[in-house]
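Let's take a walk through a protein together, one step at a time. Keep the sequence and the 3D view open beside you as you read.

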Amino acid sequence: MSTALERLRAPAAAEAAPAPTVSGIRLLRHPVALGLLLPVAVAALWELSARTGGIEARLLPPPSKVIETLDELYRSGELGRHLAATLWRVAAGFGLGLVLATALGALTGFSARARQLLDPTMQALRAIPSIAWVPLFILWFGIFEASKVALIAVGAFFPIYLSLMTGIQGVDRKLVEVGRVCQLGPLALVLRILIPAALPAWLTGVRGGLGLAWMFVIAAELMGASEGLGYLLLDGQMLGNAAQILGALVLFAILGKITDSLLVFATRQLIAWQDGFAPT
């Protein structure tokens with residue numbers, strides 16, 4: 001009898017006590033864990049190769065050396081100063097580019113006449129490489145903050161402008177007709193129908209503009225800057241300090257990812273109405 005009772009209790013006990021690997025499997029399936037899997041694996045392989053002599057540690061320092069260099073910069077107070085300078089420039093340049101691109105994108109998207117007048121020039125300017133603006137901006141604004149912010153704004157401007165203009169052009173014509181039946185004026189039509197309908201395309205452009213702002217800040221900080229992550233890159237090159245160069249690149253990558261994630265988090269409620277495809 002006791003043996004039969006033990007057999008009946010065994011499955012119940014097995015069900016009550018989850019397998020020890022279940023929580024680990026769930027953790028690995030978490031989006032954040034999956035996103036970290038590749039960089040952690042690359043860093044581990046990189047560290048192992050440097051320690052075993054598979055790569056030249058002097059030219060490609062291992063992650064441990066990069067972290068040590070960043071820690072030294074942090075303890076000296078230099079890292080915080082460089083981070084603050086770069087973040088301010090990206091915020092100011094991106095904000096300026098966002099405002100201008102949204103205004104011109106809405107205008108050219110709504111008005112065929114404005115598009116015919118302005119868009120050919122915008123597309124021609126978009127083809128100019130970023131580094132080509134540097135001498136002109138230095139001549140106009142000097143080597144201080146104004147020229148750097150202007151260059152970053154140029155980088156952020158074009159993807160936002162193009163996405164909003166094309167997004168407005170792709171708005172369902174019936175929505176516009178309903179707005180006109182309701183006697184909405186041009187400004188009200190843009191603000192209440194065209195821009196909300198084009199919001200997903202605009203947000204895609206905003207993300208692209210933010211990414212380019214981080215790319216353009218490097219070129220901006222090579223324009224005679226004495227602080228910033230771009231300056232750390234140049235200083236590392238002059239000193240032959242590969243760990244400092246790699247540390248600055250890693251910080252650019254981390255800050256770019258963090259700001260992009262914050263942007264997505266802050267704006268996801270704006271497009272919560274979308275019933276789009278959800279990959280599994």
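A salt bridge here is a side-chain nitrogen of Lys or Arg within 4 Å of a carboxyl oxygen of Asp or Glu. First, a word about what you are looking at. This is a predicted model, in which local features need pLDDT of at least 70 and side-chain atom pairs count only at pLDDT 80 or more, while totals for chains, interfaces and linings use all residues. Residues are numbered from 1 along each chain as its sequence is written, and side-chain values use heavy atoms, with hydrogens and water left out.

Let's start with the overall layout. The secondary structure consists of 13 helices and zero strands. Helices (H or I, at least four residues) and strands (E, at least two) are DSSP runs, numbered from the N terminus. Of the 280 residues, 34% count as buried. Buried means under 20% relative accessible area, exposed means over 50%, and partly exposed lies in between (1.4 Å probe, protein chains only). The protein exposes about 17300 Å², and carbon and sulfur atoms supply 68% of that area. Such areas come from the Shrake-Rupley method with a 1.4 Å probe; for residues, only the protein chains shown count as cover.

A contact means heavy atoms within 4.5 Å.

Now look inside. The largest nonpolar core has 52 residues, of which F94, L151, W202 and W214 touch the most other members. A nonpolar core is a set of buried Ala, Val, Leu, Ile, Met, Phe, Trp, Tyr and Cys residues joined through side-chain atoms within 4.5 Å. The largest share of this core, 12 residues, comes from α8. Take F94 as an example: leaving out residues up to four places away in sequence, F94 touches I152, A156, I160, V206, G209, L210 and A213.

Which of its residues are buried? They are W133, V134 and F137. These three cover an arc of only 95 degrees around the axis, so they lie on the same side of α7. The arc is that of the directions from the helix axis to the C-beta atoms. Their cover includes α6 (112-126) and α8 (145-169). On the face turned away from the buried side, you will find the exposed residues P135 and L139. After α7 comes G142, with a positive phi near 85 degrees.

Next, find helix α5 (residues 78-110), where H82 sits. Is H82 buried or exposed? With a relative accessible area of 1%, H82 is buried. Not counting residues up to four places away in sequence, its contacts are S226, E227, G228, L229, Y231 and L232.

R89 also lies in helix α5, and R89 is buried at 2% relative accessibility. Its side chain meets that of E145 in a salt bridge (2.9 Å, N to O). This pair links distant parts of the chain, with R89 in helix α5 and E145 in helix α8, 56 residues apart. E145 is partly exposed, with a relative accessible area of 30%.

Other salt bridges are found within a single helix. R51 pairs with E47, their closest N and O atoms being 2.7 Å apart. The two are four residues apart in helix α3, so about one helical turn separates them. R51 is exposed at 64% relative accessibility, whereas E47 is buried at 15%. In helix α9, R173 and E177 are likewise four residues apart, about one helical turn, and their closest N and O atoms are 2.5 Å apart. R173 is exposed at 54%, while E177 is partly exposed at 37%. Salt bridges that share partners also join R89, E145 and E221 into one network.

Finally, visit the loop between α9 (173-181) and α10 (186-197), where Q183 is placed. Most residues other than glycine have a negative phi. Q183 is not a glycine, yet its phi is positive, about 60 degrees. Q183 is exposed, with a relative accessible area of 71%.
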